[in-house]
Amino acid sequence: MNSKVNVGRADQVARIVIGLILLGFAFFCPWAASFGAIVTWPSAIIGAVLFITGLTRRCPAYDAAGTGTND
């Protein structure tokens, strides 16, 4: 398995920040909770994926496309 970094610093920061915002929205926003699972689950899943790919600096979609934003 190739462990090459394919997410650049700016992309990493954006993924972590947006991921944390979406996770916070999913779990702590009363407005989102009023809509139920149709809003909270997608926000939580997308937020978690962005946060994890930001932390690891590896994006499977970039691997599949053969591209990346690394510096």
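Me: What should I know before we start?
Reply: Residues are numbered from 1 along each chain as its sequence is written. This is a predicted model, in which local features need pLDDT of at least 70 and side-chain atom pairs count only at pLDDT 80 or more, while totals for chains, interfaces and linings use all residues, and side-chain values use heavy atoms, with hydrogens and water left out.

Me: How do you know whether Cys-59 is buried or exposed?
Reply: Buried means under 20% relative accessible area, exposed means over 50%, and partly exposed lies in between (1.4 Å probe, protein chains only). Cys-59 has 7% relative accessibility, so it counts as buried. Cys-29, at 22%, counts as partly exposed.

Me: How many disulfides does the structure hold?
Reply: It holds 0 disulfides; the term asks for a pair of cysteine sulfur atoms within 2.5 Å.

Me: Why is the pair of Phe-25 and Trp-31 called tilted?
Reply: Rings of Phe, Tyr and Trp (its six-membered ring) pair if their centres lie within 6.5 Å; planes under 30 degrees apart count as stacked, over 60 as edge-to-face and the rest as tilted. The structure holds 2 aromatic pairs. In the pair of Phe-25 and Trp-31, the centres are 5.7 Å apart and the planes stand at 50°, so it is tilted. Phe-25 has a relative accessible area of 25%, so it is partly exposed.

Me: What makes the pair of Trp-31 and Phe-35 edge-to-face?
Reply: Their ring centres are 4.9 Å apart and their planes meet at 70°, so the pair is edge-to-face. Both residues sit in helix α2 (residues 30–35), 4 residues apart, about one turn of the helix. Helices here are DSSP runs (H or I, at least four residues), as strands are (E, at least two), numbered from the N terminus. An α-helix has 3.6 residues a turn, so residues three or four places apart point the same way. Phe-35 is partly exposed, with a relative accessible area of 46%. Ring pairs link Phe-25, Trp-31 and Phe-35 into a cluster.

Me: How do you know that the span of helix α1 agrees with its number of residues?
Reply: The expected span is 1.5 Å times one less than the number of residues. For the 20 residues of α1 (residues 9–28) that gives 28 Å, and the end C-alpha atoms are 28 Å apart, so the two agree.

Me: Why are the buried residues of α1 said to line one face?
Reply: The buried residues of α1 are Asp-11, Gln-12, Arg-15, Ile-16, Gly-19, Leu-23 and Ala-26. Seen down the helix axis, they fall within an arc of 130°, so they line one face; the arc is that of the directions from the axis to the C-beta atoms. These residues pack against α3 (37–56) and α4 (60–65). On the other side of α1, Ala-10, Val-13, Ile-21 and Phe-28 are exposed.

Me: What makes the link between Tyr-62 and Asp-11 a polar contact?
Reply: The term covers a pair of N or O atoms within 3.5 Å; within protein, one must be able to donate a hydrogen and the other to accept it, and residues adjacent in sequence count only if both atoms are side-chain atoms. The side chains of Tyr-62 and Asp-11 are joined by such a contact at 2.9 Å. Tyr-62 belongs to helix α4. Another polar contact of 2.9 Å joins the side chains of Gln-12 and Arg-9. With a relative accessible area of 12%, Gln-12 is buried.

Me: What is the phi of Arg-57?
Reply: Arg-57 has a positive phi of about 60° although it is not a glycine. Most residues other than glycine have a negative phi. Arg-57 lies in the loop between α3 and α4, and at 15% relative accessibility it counts as buried.

Methods
Contact means heavy atoms within 4.5 Å.
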